[in-house]
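Student: I'd like to go through this two-chain model with you. Can we take it step by step?

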Amino acid sequence: MKESRKKALKEHGSLFWEFFKIGLFTIGGGMAMLPLIQKVAVEDKKWLEEDDMVDCLAVSQALPGVIVINSATYIGKRRQGLTGSLAASLGVILPSFLIIILVVTLLGSIGENSYVTGAFTGVKAAVCGLVLVSACKLGKQILKGPFQWTMAILAFAAIGIFRITALWAILAGAAAGIVYLQIRSKKAGKEKQ
Amino acid sequence: MIILYLFSMFFRIGLFSFGGGLAMLPLIFQSVQEFGFMTAAEFSNLVALSQVTPGPIAVNAATFVGFNYAGLLGAVAATLGVCMPAFLLMLIVMKFMEKFKESRGLQGAFAGIRPVTVGLIGAAAIFVAETSLINGKLFSMKLLEDPLSYINGIPLAIFAVTLLLAGKFKISPIKITILMAIVGAVLCG
(Lines give C-alpha, C1' and ligand atoms only; values in the text may rest on other atoms or scores of the structure.)
Protein backbone atom coordinates (compact mmCIF):
# COMPACT_ATOMS: atom_id res chain seq x y z
CA MET A 1 0.00 0.00 0.00
CA LYS A 2 2.72 2.36 1.03
CA GLU A 3 4.75 1.39 -2.01
CA SER A 4 1.91 2.26 -4.39
CA ARG A 5 1.39 5.63 -2.73
CA LYS A 6 5.03 6.39 -3.14
CA LYS A 7 4.80 5.45 -6.80
CA ALA A 8 1.75 7.68 -7.32
CA LEU A 9 3.49 10.58 -5.64
CA LYS A 10 6.52 10.06 -7.83
CA GLU A 11 4.42 10.06 -10.97
CA HIS A 12 2.73 13.32 -9.92
CA GLY A 13 6.18 14.81 -9.62
CA SER A 14 7.18 13.42 -12.96
CA LEU A 15 4.00 14.77 -14.63
CA PHE A 16 4.71 18.21 -13.19
CA TRP A 17 8.37 18.21 -14.14
CA GLU A 18 8.00 16.88 -17.69
CA PHE A 19 5.25 19.38 -18.45
CA PHE A 20 7.31 22.13 -16.84
CA LYS A 21 10.07 21.31 -19.32
CA ILE A 22 7.57 21.28 -22.18
CA GLY A 23 6.38 24.74 -21.13
CA LEU A 24 9.94 25.97 -20.78
CA PHE A 25 11.38 24.77 -24.06
CA THR A 26 8.66 25.50 -26.58
CA ILE A 27 8.46 28.86 -28.24
CA GLY A 28 5.57 29.64 -30.53
CA GLY A 29 2.70 28.14 -28.55
CA GLY A 30 0.31 25.22 -29.06
CA MET A 31 1.54 23.38 -32.10
CA ALA A 32 5.21 23.80 -31.21
CA MET A 33 4.55 21.79 -28.06
CA LEU A 34 3.05 18.85 -29.83
CA PRO A 35 6.27 17.12 -30.94
CA LEU A 36 7.58 17.37 -27.41
CA ILE A 37 4.40 16.09 -25.76
CA GLN A 38 4.30 13.20 -28.18
CA LYS A 39 7.91 12.28 -27.49
CA VAL A 40 7.64 12.51 -23.71
CA ALA A 41 4.22 10.94 -23.22
CA VAL A 42 4.42 8.12 -25.77
CA GLU A 43 8.08 7.36 -26.37
CA ASP A 44 9.96 8.29 -23.19
CA LYS A 45 7.56 7.88 -20.30
CA LYS A 46 5.08 5.51 -21.96
CA TRP A 47 2.22 7.37 -20.27
CA LEU A 48 -0.12 6.75 -23.19
CA GLU A 49 -0.46 4.34 -26.10
CA GLU A 50 -0.03 5.99 -29.49
CA ASP A 51 -3.77 5.57 -30.21
CA ASP A 52 -4.75 7.22 -26.96
CA MET A 53 -2.35 10.07 -27.72
CA VAL A 54 -4.12 10.66 -31.03
CA ASP A 55 -7.48 10.83 -29.26
CA CYS A 56 -5.96 13.28 -26.81
CA LEU A 57 -4.76 15.50 -29.65
CA ALA A 58 -8.08 15.26 -31.48
CA VAL A 59 -10.11 16.29 -28.44
CA SER A 60 -7.59 19.01 -27.56
CA GLN A 61 -7.95 20.51 -31.02
CA ALA A 62 -11.73 20.37 -30.93
CA LEU A 63 -12.12 22.10 -27.57
CA PRO A 64 -11.78 25.84 -27.10
CA GLY A 65 -9.00 27.40 -25.11
CA VAL A 66 -5.35 26.73 -24.52
CA ILE A 67 -4.52 23.53 -26.44
CA VAL A 68 -1.63 22.42 -24.27
CA ILE A 69 -3.78 22.72 -21.12
CA ASN A 70 -6.25 20.37 -22.78
CA SER A 71 -3.50 17.86 -23.49
CA ALA A 72 -1.90 18.20 -20.07
CA THR A 73 -5.28 17.68 -18.41
CA TYR A 74 -5.96 14.60 -20.55
CA ILE A 75 -2.62 12.95 -19.91
CA GLY A 76 -2.59 13.83 -16.21
CA LYS A 77 -6.10 12.47 -15.73
CA ARG A 78 -5.30 9.22 -17.53
CA ARG A 79 -2.33 8.58 -15.27
CA GLN A 80 -3.29 9.97 -11.87
CA GLY A 81 -6.84 11.31 -12.01
CA LEU A 82 -7.78 14.85 -11.08
CA THR A 83 -4.63 15.57 -9.08
CA GLY A 84 -2.52 14.28 -11.96
CA SER A 85 -4.17 16.66 -14.39
CA LEU A 86 -3.62 19.51 -11.94
CA ALA A 87 0.07 18.63 -11.63
CA ALA A 88 0.57 18.49 -15.40
CA SER A 89 -1.41 21.69 -16.10
CA LEU A 90 0.34 23.70 -13.40
CA GLY A 91 3.67 22.40 -14.65
CA VAL A 92 3.07 23.62 -18.17
CA ILE A 93 1.77 27.04 -17.08
CA LEU A 94 4.43 27.88 -14.53
CA PRO A 95 7.42 28.60 -16.83
CA SER A 96 5.46 31.11 -18.95
CA PHE A 97 4.06 32.76 -15.87
CA LEU A 98 7.43 33.19 -14.18
CA ILE A 99 9.27 34.26 -17.32
CA ILE A 100 6.72 36.94 -18.27
CA ILE A 101 6.78 38.41 -14.79
CA LEU A 102 10.57 38.34 -14.79
CA VAL A 103 10.82 40.00 -18.20
CA VAL A 104 8.25 42.70 -17.42
CA THR A 105 9.89 43.44 -14.08
CA LEU A 106 13.42 43.53 -15.43
CA LEU A 107 13.04 44.97 -18.91
CA GLY A 108 9.62 46.57 -19.02
CA SER A 109 9.23 44.84 -22.33
CA ILE A 110 11.30 42.96 -24.83
CA GLY A 111 13.73 45.25 -26.60
CA GLU A 112 14.66 45.09 -30.25
CA ASN A 113 17.65 42.84 -29.85
CA SER A 114 18.84 41.37 -33.14
CA TYR A 115 20.23 38.23 -31.49
CA VAL A 116 16.88 37.56 -29.87
CA THR A 117 15.01 37.96 -33.16
CA GLY A 118 17.65 35.83 -34.88
CA ALA A 119 17.27 33.06 -32.31
CA PHE A 120 13.53 33.32 -32.73
CA THR A 121 13.84 32.94 -36.51
CA GLY A 122 15.93 29.81 -36.04
CA VAL A 123 13.51 28.29 -33.53
CA LYS A 124 10.50 28.92 -35.74
CA ALA A 125 12.14 27.21 -38.70
CA ALA A 126 13.01 24.25 -36.46
CA VAL A 127 9.48 24.09 -35.07
CA CYS A 128 8.17 23.84 -38.62
CA GLY A 129 10.32 20.76 -39.18
CA LEU A 130 9.44 19.22 -35.80
CA VAL A 131 5.72 19.60 -36.42
CA LEU A 132 6.08 17.99 -39.84
CA VAL A 133 7.98 15.05 -38.36
CA SER A 134 5.20 14.67 -35.77
CA ALA A 135 2.56 14.63 -38.49
CA CYS A 136 4.48 11.88 -40.34
CA LYS A 137 4.92 9.82 -37.17
CA LEU A 138 1.21 9.99 -36.43
CA GLY A 139 0.38 9.38 -40.09
CA LYS A 140 2.35 6.14 -40.13
CA GLN A 141 0.31 4.95 -37.17
CA ILE A 142 -3.13 6.07 -38.30
CA LEU A 143 -3.33 6.19 -42.09
CA LYS A 144 -3.89 2.51 -42.74
CA GLY A 145 -6.45 2.52 -45.55
CA PRO A 146 -8.04 4.62 -48.27
CA PHE A 147 -10.68 6.07 -45.91
CA GLN A 148 -8.04 7.36 -43.49
CA TRP A 149 -5.88 8.78 -46.29
CA THR A 150 -8.85 10.56 -47.86
CA MET A 151 -9.86 12.11 -44.53
CA ALA A 152 -6.32 13.27 -43.77
CA ILE A 153 -5.80 14.82 -47.21
CA LEU A 154 -9.21 16.52 -47.15
CA ALA A 155 -8.53 17.94 -43.69
CA PHE A 156 -5.08 19.11 -44.72
CA ALA A 157 -6.46 20.87 -47.81
CA ALA A 158 -9.45 22.36 -45.99
CA ILE A 159 -7.34 23.85 -43.23
CA GLY A 160 -3.97 24.42 -44.89
CA ILE A 161 -5.19 25.77 -48.22
CA PHE A 162 -8.77 26.95 -47.73
CA ARG A 163 -8.25 28.11 -44.12
CA ILE A 164 -11.28 26.51 -42.57
CA THR A 165 -11.43 26.53 -38.75
CA ALA A 166 -10.08 23.30 -37.29
CA LEU A 167 -13.26 22.74 -35.30
CA TRP A 168 -15.36 22.31 -38.47
CA ALA A 169 -12.90 19.84 -39.95
CA ILE A 170 -13.05 17.79 -36.75
CA LEU A 171 -16.85 17.82 -36.64
CA ALA A 172 -17.03 16.83 -40.32
CA GLY A 173 -14.49 14.07 -39.62
CA ALA A 174 -16.64 12.76 -36.75
CA ALA A 175 -19.73 12.66 -38.98
CA ALA A 176 -17.86 10.93 -41.81
CA GLY A 177 -16.43 8.40 -39.36
CA ILE A 178 -19.88 7.50 -38.01
CA VAL A 179 -21.20 6.98 -41.55
CA TYR A 180 -18.11 4.99 -42.52
CA LEU A 181 -18.39 2.62 -39.58
CA GLN A 182 -22.11 2.21 -40.23
CA ILE A 183 -21.54 1.25 -43.88
CA ARG A 184 -18.69 -1.05 -43.04
CA SER A 185 -20.62 -2.98 -40.42
CA LYS A 186 -23.60 -3.29 -42.79
CA LYS A 187 -21.30 -4.71 -45.45
CA ALA A 188 -19.82 -7.13 -42.94
CA GLY A 189 -23.35 -8.19 -41.97
CA LYS A 190 -24.30 -8.90 -45.60
CA GLU A 191 -21.20 -10.94 -46.20
CA LYS A 192 -22.08 -13.12 -43.24
CA GLN A 193 -25.47 -13.94 -44.74
CA MET B 1 -12.73 44.00 -8.00
CA ILE B 2 -10.27 44.39 -10.82
CA ILE B 3 -8.93 40.94 -9.91
CA LEU B 4 -12.37 39.40 -10.35
CA TYR B 5 -12.85 41.28 -13.58
CA LEU B 6 -9.52 40.04 -14.95
CA PHE B 7 -10.41 36.49 -14.02
CA SER B 8 -13.84 36.54 -15.67
CA MET B 9 -12.57 38.36 -18.75
CA PHE B 10 -9.82 35.82 -19.37
CA PHE B 11 -12.14 32.96 -18.51
CA ARG B 12 -14.39 34.19 -21.32
CA ILE B 13 -11.41 34.42 -23.67
CA GLY B 14 -10.40 30.87 -22.79
CA LEU B 15 -13.94 29.64 -23.32
CA PHE B 16 -14.68 31.22 -26.67
CA SER B 17 -11.48 30.95 -28.64
CA PHE B 18 -10.84 27.98 -30.85
CA GLY B 19 -7.58 27.13 -32.53
CA GLY B 20 -5.34 28.11 -29.64
CA GLY B 21 -2.40 30.46 -29.45
CA LEU B 22 -2.33 33.14 -32.09
CA ALA B 23 -6.02 32.72 -32.78
CA MET B 24 -6.71 33.98 -29.27
CA LEU B 25 -4.77 37.22 -29.53
CA PRO B 26 -7.38 39.26 -31.43
CA LEU B 27 -10.01 38.28 -28.88
CA ILE B 28 -7.67 39.26 -26.06
CA PHE B 29 -7.04 42.63 -27.69
CA GLN B 30 -10.75 43.36 -28.16
CA SER B 31 -11.62 42.43 -24.59
CA VAL B 32 -8.74 44.32 -23.08
CA GLN B 33 -9.41 47.40 -25.18
CA GLU B 34 -13.06 47.44 -24.19
CA PHE B 35 -11.96 47.91 -20.63
CA GLY B 36 -9.48 50.60 -21.63
CA PHE B 37 -6.59 48.42 -20.51
CA MET B 38 -4.37 48.66 -23.49
CA THR B 39 -3.33 50.69 -26.54
CA ALA B 40 -2.49 49.22 -29.94
CA ALA B 41 1.21 49.89 -29.37
CA GLU B 42 1.12 48.04 -26.06
CA PHE B 43 -0.70 45.23 -27.80
CA SER B 44 1.98 44.78 -30.45
CA ASN B 45 4.49 44.74 -27.62
CA LEU B 46 2.47 42.00 -26.00
CA VAL B 47 2.31 39.99 -29.23
CA ALA B 48 6.08 40.18 -29.63
CA LEU B 49 6.69 39.27 -26.00
CA SER B 50 4.27 36.33 -26.05
CA GLN B 51 5.95 34.93 -29.10
CA VAL B 52 9.57 35.18 -28.05
CA THR B 53 9.02 33.86 -24.54
CA PRO B 54 8.39 30.13 -24.17
CA GLY B 55 5.08 28.54 -23.31
CA PRO B 56 1.49 28.81 -24.45
CA ILE B 57 0.86 32.20 -26.07
CA ALA B 58 -2.47 32.72 -24.31
CA VAL B 59 -0.86 32.13 -20.92
CA ASN B 60 1.92 34.59 -21.72
CA ALA B 61 -0.61 37.20 -22.79
CA ALA B 62 -2.82 36.68 -19.74
CA THR B 63 0.11 36.90 -17.33
CA PHE B 64 1.34 40.05 -19.10
CA VAL B 65 -2.01 41.86 -18.98
CA GLY B 66 -2.81 40.75 -15.44
CA PHE B 67 0.61 41.69 -14.09
CA ASN B 68 0.66 45.08 -15.78
CA TYR B 69 -2.75 46.11 -14.50
CA ALA B 70 -3.01 44.48 -11.10
CA GLY B 71 0.37 43.09 -10.08
CA LEU B 72 1.08 39.53 -9.02
CA LEU B 73 -2.47 38.77 -7.93
CA GLY B 74 -3.77 40.09 -11.23
CA ALA B 75 -1.34 37.85 -13.10
CA VAL B 76 -2.54 34.82 -11.14
CA ALA B 77 -6.21 35.70 -11.72
CA ALA B 78 -5.82 36.25 -15.47
CA THR B 79 -3.69 33.15 -15.98
CA LEU B 80 -6.01 30.86 -14.02
CA GLY B 81 -8.95 32.42 -15.84
CA VAL B 82 -7.60 31.70 -19.30
CA CYS B 83 -6.59 28.12 -18.42
CA MET B 84 -9.66 27.06 -16.46
CA PRO B 85 -12.08 26.50 -19.38
CA ALA B 86 -9.69 24.16 -21.20
CA PHE B 87 -9.07 22.25 -17.97
CA LEU B 88 -12.72 21.88 -16.98
CA LEU B 89 -14.01 21.12 -20.47
CA MET B 90 -11.41 18.40 -20.92
CA LEU B 91 -12.41 16.74 -17.64
CA ILE B 92 -16.06 16.81 -18.70
CA VAL B 93 -15.32 15.40 -22.15
CA MET B 94 -13.18 12.62 -20.67
CA LYS B 95 -16.00 11.62 -18.33
CA PHE B 96 -18.32 11.53 -21.31
CA MET B 97 -15.85 9.47 -23.35
CA GLU B 98 -15.44 7.01 -20.50
CA LYS B 99 -19.21 6.54 -20.25
CA PHE B 100 -19.85 6.03 -23.95
CA LYS B 101 -16.66 4.12 -24.70
CA GLU B 102 -18.58 1.14 -26.05
CA SER B 103 -21.01 3.16 -28.15
CA ARG B 104 -20.73 2.68 -31.90
CA GLY B 105 -21.39 6.37 -32.52
CA LEU B 106 -18.42 7.52 -30.46
CA GLN B 107 -16.15 4.89 -31.96
CA GLY B 108 -17.21 5.98 -35.44
CA ALA B 109 -16.65 9.63 -34.58
CA PHE B 110 -13.10 8.91 -33.46
CA ALA B 111 -12.45 6.70 -36.49
CA GLY B 112 -13.11 9.83 -38.54
CA ILE B 113 -11.43 12.36 -36.23
CA ARG B 114 -8.11 10.50 -35.96
CA PRO B 115 -7.08 10.86 -39.62
CA VAL B 116 -8.38 14.45 -39.60
CA THR B 117 -5.95 15.17 -36.76
CA VAL B 118 -3.07 14.05 -38.96
CA GLY B 119 -4.13 16.47 -41.71
CA LEU B 120 -4.60 19.20 -39.14
CA ILE B 121 -1.08 18.84 -37.80
CA GLY B 122 0.28 18.84 -41.34
CA ALA B 123 -1.60 22.07 -41.96
CA ALA B 124 -0.11 23.54 -38.78
CA ALA B 125 3.33 23.01 -40.29
CA ILE B 126 2.22 25.21 -43.20
CA PHE B 127 1.12 28.00 -40.86
CA VAL B 128 4.47 27.95 -39.11
CA ALA B 129 6.26 27.86 -42.48
CA GLU B 130 4.43 30.98 -43.56
CA THR B 131 5.85 32.93 -40.64
CA SER B 132 9.39 31.66 -41.07
CA LEU B 133 10.44 29.76 -44.19
CA ILE B 134 8.59 31.85 -46.76
CA ASN B 135 7.12 35.33 -47.06
CA GLY B 136 3.39 35.07 -47.64
CA LYS B 137 1.22 32.09 -48.39
CA LEU B 138 2.60 28.73 -49.45
CA PHE B 139 -0.08 28.02 -52.03
CA SER B 140 0.17 31.11 -54.20
CA MET B 141 1.41 32.11 -57.63
CA LYS B 142 4.08 34.31 -56.11
CA LEU B 143 6.14 31.21 -55.50
CA LEU B 144 6.41 30.60 -59.24
CA GLU B 145 6.81 34.23 -60.26
CA ASP B 146 9.56 35.29 -57.95
CA PRO B 147 10.85 32.33 -55.94
CA LEU B 148 14.05 33.96 -54.70
CA SER B 149 12.48 36.87 -52.82
CA TYR B 150 9.80 34.52 -51.57
CA ILE B 151 12.00 32.00 -49.83
CA ASN B 152 14.09 32.66 -46.72
CA GLY B 153 17.33 30.76 -47.25
CA ILE B 154 18.75 30.26 -43.77
CA PRO B 155 15.43 29.30 -42.14
CA LEU B 156 14.84 26.86 -44.98
CA ALA B 157 18.23 25.27 -44.35
CA ILE B 158 17.47 25.09 -40.62
CA PHE B 159 14.16 23.46 -41.47
CA ALA B 160 15.86 20.84 -43.66
CA VAL B 161 18.48 20.03 -41.03
CA THR B 162 15.73 19.74 -38.41
CA LEU B 163 13.86 17.22 -40.55
CA LEU B 164 17.04 15.17 -40.78
CA LEU B 165 17.91 15.41 -37.07
CA ALA B 166 14.40 14.68 -35.80
CA GLY B 167 13.18 12.30 -38.50
CA LYS B 168 16.27 10.24 -39.15
CA PHE B 169 18.50 10.60 -36.10
CA LYS B 170 15.69 10.87 -33.51
CA ILE B 171 17.32 13.78 -31.68
CA SER B 172 15.08 15.19 -28.93
CA PRO B 173 13.00 18.28 -29.83
CA ILE B 174 14.43 20.20 -26.87
CA LYS B 175 18.00 19.73 -28.06
CA ILE B 176 17.06 20.71 -31.61
CA THR B 177 15.23 23.83 -30.38
CA ILE B 178 18.21 24.99 -28.34
CA LEU B 179 20.65 24.25 -31.17
CA MET B 180 18.58 26.13 -33.74
CA ALA B 181 18.12 29.10 -31.42
CA ILE B 182 21.91 29.41 -31.30
CA VAL B 183 22.29 28.87 -35.06
CA GLY B 184 19.58 31.49 -35.68
CA ALA B 185 21.16 34.02 -33.30
CA VAL B 186 24.53 33.62 -35.02
CA LEU B 187 23.39 33.49 -38.64
CA CYS B 188 20.30 35.71 -38.60
CA GLY B 189 21.14 37.99 -35.67
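Predicted model: local features only at pLDDT ≥ 70, side-chain atom pairs only at ≥ 80, totals over all residues.

Student: What distance separates the centres of domain 1 and domain 2 of chain A?

Tutor: Start with the bounds: domain 1 of chain A covers 2–140 and domain 2 covers 143–193. Taking the centres over C-alpha atoms, the separation between these domains of chain A is 28 Å.

Student: Which helix gives the most to the side of domain 1 of chain A that touches domain 2 of chain A?

Tutor: Count two residues as in contact if their C-beta atoms, placed from the backbone, lie within 7 Å. On that basis, four residues of domain 1 of chain A meet five residues of domain 2 of chain A. Helices are DSSP runs (H or I, at least four residues), as are strands (E, at least two), numbered from the N terminus. With three residues, the top contributor on the domain 1 side is chain A's helix α3 (residues 50–62).

Student: How many helices are there in chain A, and how many in chain B?

Tutor: Chain A has zero strands, and its elements read α-α-α-α-α-α-α along the sequence. Chain B also has zero strands. The helix counts are seven for chain A and nine for chain B.

Student: On to the interface. Which element gives the most to the side of chain A that touches chain B?

Tutor: Here 93 residues of chain A are in contact with 86 residues of chain B. Elements giving two or more residues to the chain A side include α1 (2–25), α4 (67–107) and α7 (166–192) of chain A. The top contributor, with 24 residues, is α5(A).

Student: Which residues have the most contacts inside the largest nonpolar core?

Tutor: A nonpolar core is a set of buried Ala, Val, Leu, Ile, Met, Phe, Trp, Tyr and Cys residues joined through C-beta atoms within 7 Å. The largest one has 118 residues, and helix α4 (residues 57–99) of chain B gives the most to this core, with 17 residues. Not counting residues up to four places away in sequence, Cys128(A) touches Ala125(B), Val128(B), Ala129(B), Ser132(B), Leu133(B) and Phe159(B). The residues with the most contacts inside the core are Cys128(A) and Val131(A).

Student: And Gly13(A), is that buried or exposed?

Tutor: Gly13(A) sits in helix α1 of chain A. A residue is buried if 20 or more other C-beta atoms, placed from the backbone, lie within 10 Å of its own, exposed if 12 or fewer, and partly exposed in between. Because Gly13(A) has 12 C-beta neighbours inside 10 Å, the label is exposed.

Student: What percentage of residues is buried in chain A, and what in chain B?

Tutor: Chain A has 193 residues and chain B has 189.

Conventions
Residues numbered from 1 in each chain as written. Chains lettered and ligands numbered in written order. Domains from an automatic or database assignment.
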